[in-house]
Amino acid sequence: SVHQLEEGVNPGPPSVEDVPNTTTMDTPNHLTVEAASETAAASTGRNQPKSGKSETGDDVNLKPLEVLRSRYFYFIWLMFVFNGQGIIFVSTLYKAYGQTFISDDTFMALAGSFGSAFNAVGRIFWGALADKFSFRVSCLIMSAAFTCSMLTLQLSELGGKPLFFVYVCLLFGSFSGSYALFPTATAKCFGRKYLPINYGLVFTSQVITAPLGVFLSQSLKSSLGWDGLFFLIAGFSFISLILAFLFNAKDKLGNEI
């Protein structure tokens, strides 16, 4: 102040409020500025919620055109395509395969009913797992479980009805995670504001999944046989596992999605 200068007192360095903020003008990407500011706020504890948990960065909301420019969108899209092959195969052909060594329609209906129940409960399980850990970890476990189940499905012929029943429940419970995990990944990666449209873009993968599944079940079954189809579907799921392993998306605070 003027009085301090007249009295010879050093006014000290200017306060933070006196320094003009030029970061937003010099930085081409405003998301980078937001990430840096929120990270700094988190480290000082100024923006910590009352519960003491750190923010997840879910407030990033990308528009559909921005989502299409993200490489993570294509990771999610391709994983949905490859996992979808297992969904189509199991839900449409489990009964046809079971009838090759089980001639009991009542049992098949019972197995399908329990499989549907595992499909419903499995979505809750996989959603809870994603909340506790991450989408990546949950997708790795789901893909690995489905791959192993498909590779060993032919063993159900040795165990008859009981073992086939167990495999049907395992398969339905495994692939049910797709309908819980991929909406979660879409919301965490691209935000919740445009989630209906963005998840609609992800769901366009089923345009390929359904025709390809019909082709595999009708055209290749006679040439590959059941065992060949099992290994083929397991291969699709294994590709999804690899994509999940390479999926390294993180939120603005560096937490794994």
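K161 is partly exposed, since its relative accessible area is 35%. Partly exposed lies between buried (under 20% relative accessible area) and exposed (over 50%), with a 1.4 Å probe and protein chains only. K161 forms a salt bridge with D104. A salt bridge here means a side-chain nitrogen of Lys or Arg within 4 Å of a carboxyl oxygen of Asp or Glu. The pair links distant parts of the chain: K161 is in helix α8, D104 in the loop between α5 and α6, 57 residues apart.

This is a predicted model, in which local features need pLDDT of at least 70 and side-chain atom pairs pLDDT 80 or more, while totals for chains, interfaces and linings use all residues. Residues are numbered from 1 along each chain as its sequence is written, and side-chain values use heavy atoms, without hydrogens and water.

The structure holds 2 salt bridges.

| Salt bridge | N to O distance |
|---|---|
| K161 and D104 | 2.8 Å |
| R136 and E256 | 3.2 Å |

R136 lies in helix α7 and E256 in the segment after α11, so this pair ties together parts 120 residues apart in sequence. R136 counts as buried, at 17% relative accessibility. E256 is partly exposed, at 32%.

Now the fold. The protein chain has 11 helices and 0 strands. Helices (H or I, at least four residues) and strands (E, at least two) are DSSP runs, numbered from the N terminus. Of the 257 residues, 40% count as buried.

The largest nonpolar core has 55 residues. Such a core is a set of buried Ala, Val, Leu, Ile, Met, Phe, Trp, Tyr and Cys residues joined through side-chain atoms within 4.5 Å. Its largest share, 14 residues, comes from α5. M79, F89 and M150 have the most contacts inside this core. Beyond four places away in sequence, M79 touches residues including F135, F182 and F247. Contact means heavy atoms within 4.5 Å.

The surface has a nonpolar patch too. F238, I242, F245 and L246 make a patch of about 400 Å². Patch residues have over 30% relative accessible area and no salt bridge; nonpolar side chains are joined within 5 Å, like charges within 9 Å. L246 is in helix α11 (residues 206-246). L246 is partly exposed, at 48% relative accessibility.

An unreviewed UniProt entry places "transmembrane region" features at several spans, including residues 72-94 and 228-247. Such annotations may be inferred rather than shown by experiment. Residues 72-94 are 100% helix, with end C-alpha atoms 33 Å apart. Residues 228-247 are 95% helix, with end C-alpha atoms 29 Å apart.

Definitions and conventions: Areas by Shrake-Rupley, 256 points an atom, 1.4 Å probe, with all protein chains shown as cover.
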